[in-house]
Amino acid sequence: MPVQVIDGSPETLLPSHLQKVDLKYLQMGCDQANKYFQGTVILSYPLTKLGNGTEFFKIVLQESENSCSKTSTINVLFFGRLADDCGKVVHQGDTMVVAGFNLAKSPSANEDDRHCCHLEVSEDAGSTIYPVAPKYTYTPLSHLKGGTIVNLYGAVKFFKPPYISKGTDYCSVVTIVDQSNVKLTCTLFNGNLDALPKIYKIGDIVRFHRIKIREYNEQMQGITGIGFASLTFDGTVGAPIVPRTSSKSYSFTEEEQKTIEELRMWAASNLSVCGPTAKLSGVQPMLFFDLTCQLVGKAEVDGSSFLLKVWDGTKCPYPSWKVLVEESDLEGDKVLIHQLRNLIVDILVYDNHVKLAKSLKVGSFLRIYSLHTKQASAENQPDVSYVEFHLHGGTCYGRGIRVLPENNPDVKELKAFMDSVNLTESQNVESMSSLELDGIFGSLSLCHFLTDQSYSERCQQLSVTVLTDHQHLDDTALNTILNSAAPQQYRIRAKLRTFKPQKLYQSVKLYCSKCNSLQEVPDGDDFDLILRDCAATAPNPEVHNSLWYDSAVWDTENQGQRKIAVHFVKHDELLQEPEDTLIMVQGGTLKEIRKLSRRFKCIIPVRSTKEDLELLDLSAPFLLQGKIWHYGCKQCSNQKTIQSLSSLAEEEPSWEPTEIARVLGIEPLQYVFVMKFTLDDGTGTLDAYLFDYEKFFQIPASEVLTSSLLQEKMEMIMNILCPPGTKLDDLPWLECFIRSYNVKDGMEQQVCYQIFDTMVAEDVI
DNA sequence: GTTTAGGATTCG
């Protein structure tokens, strides 16, 4: 690294083999290999090129401790890349250390009265330049005075992306605000686009160095001057603090990291950052919004307008205009444009934006600010309306275009989304275009109806899960969620990195909605043991046959004394069809009860006491209905006698499990899937619980344990949601709705997340 | 030598 900023004292921070040399000891013929010279820049010349094309840069350094002596200054000549790098970052007044220099006779010593030698530095000579980071002080925006040059921090409240001014430079207008709640609008000029702050969003944080403050219209104004430099940071709380800058070298201390975090936090609650961004799928006619998209084609239309063909992976819900241009004028991959024709929208940009639009590269990612959608209809078909996209002339409201770098998080997300579109696009797009061809988009209300439908269809193809509500909400990035206070609800789009339990049958639990307790589903073998235990006592004939049930007893072969008693519950003193009948069984084995449950609607396992029949312990199911075994909560149930069932038998009995539980004084437990999903959207990772009775998998939790078919189905779904051995990039997307909530874990408060209003897409099932 | 723009939507 030929240029390394030193943040602190050079004596302690420079490599230990380097020794400081005074000007008076600098002589030709002495070995300078391990020497360094430290001085203050008192003069710097413009960066130029030598006759042979080599970059050249010259400064004058003054020896810090010896400033009164006549020969306290020395010329330093930079060659090649080092000249280029230093020429851009060195300012008058900076302190700098030069090591690994060559000493040469100064041809101008007689004229400039400086040291008789000069220092030559270049990468080839193995030189290293250490600019010593000055201790910057930052002025709060409430303390600005006209006619000063200051360093500032601020959150971006408003900005115009750089545009070509009428002069010679690019211009960007940026309004910043800080914790003092004072705004400052800065007008920034530079001939080099890269030198202007790389602001992509309201809420980004900027650091300006050496900005001139002056008064304009009785207000403070910031303006670029000599040595202006800026850093820009993502304004998202908790996002990595990576400065966006064209500077090759800049100071950046831990303290400054803290400043940015503080400003982010402040801006998050004091700055409205929810700019008018939208996806094409969310556009409304008559709207200004910011669009993040990819350029797939461009064409000159006339002198004052230019066509951009863009897409963002989503479909505009309205038919949009197609701007007619000569095929030969259209730049871009014609095949791709044809393939994406139903997702692409045509944008006309006007006047001052034309020059910038012309320079855009097809394939690049753009953010188009304050794009205008306008509803129009054809002259000859007034009932058929469509949407036009205009980027009007001028820069009001930050109207403009900015190229986003490939590593921008929004671009990464967009790319991933576009990739997922590609997989299924053809069939999907074709089916939708046939809808459009029907010409039924004439009325807006009908259009909405169709859009909602096709939108949900699209979601199902693009994401392996779909929302059952809240489709109108925008996605929130996981890192934003992780840095926000609970409770809140979010729509997210993420990938399922992993999940627990991996053995899917372990995800089924029993839940008591009264005491909120969760418990494992008892093992079938446990039930068998309880049944065997009951069977050891013979049925009491005295409690057989009553007003509301008839009883029958069977003997078993070669099984000792075991008898099976079945009590058929009557309605209106009559027996019903078996498929409508509830029976109470005593002395049966698990195998026998299973067999009976195929034939009778409901089975209640019982035993007999001297006086009556009674329910078994609640470790056993209190009711079996087909393959579903119903359990009761031991804590919350307050069991009543079996006689209570007679009240149900009197009415036309439908034998609803909840009704049976109610009359028996049992608090029924519900079967639920409880799983932990580790979700990842590229911005962060979050564990969300799935707590689902049936909705998510479209499989009732109550039937999974007794159905190998349903278990296979669930396994298949999870294999689609999270295919084993797949890289994160290749995993499918999940659209989910999650809520955050606080959980007290001893002394510590913890935030948990739960998935809800989400289900596996129909085409996955 | 130090402009340009100086926030505040819409013709197309």
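**Walking through the pocket and the cavity**

Let's start with the second largest pocket: helix H2 (81-89) and strands S9 (128-132), S13 (183-190), S14 (205-216) and S16 (229-233) each put at least two residues into its lining. Helices here are DSSP runs of H or I with at least four residues, strands are E runs of at least two, and both are numbered from the N terminus. Keep in mind that this is a predicted model, where local features need pLDDT of at least 70, side-chain atom pairs count only at pLDDT 80 or more, and totals for chains, interfaces and linings use all residues. Residues are numbered from 1 along each chain as its sequence is written.

That pocket holds about 940 Å³ of space. A pocket is an open set of points on a 1 Å grid over the protein atoms alone, with protein on both sides within 12 Å along at least five of seven lines; a cavity is a set where a 1.4 Å probe fits but cannot get out, and lining residues have an atom within 4 Å of a point. Volume is the space filled by probe spheres set on the points, which are joined across faces, edges and corners. Of the pocket's 43 lining residues, Lys 88, Val 89, His 91, Phe 228 and Ala 229 lie nearest its centre.

H6 (352-359), S11 (163-164) and S22 (400-404) each supply at least two lining residues, with H6 giving the most, 3 residues.

How values were computed: Chains lettered and ligands numbered in written order. Heavy atoms only, no water.
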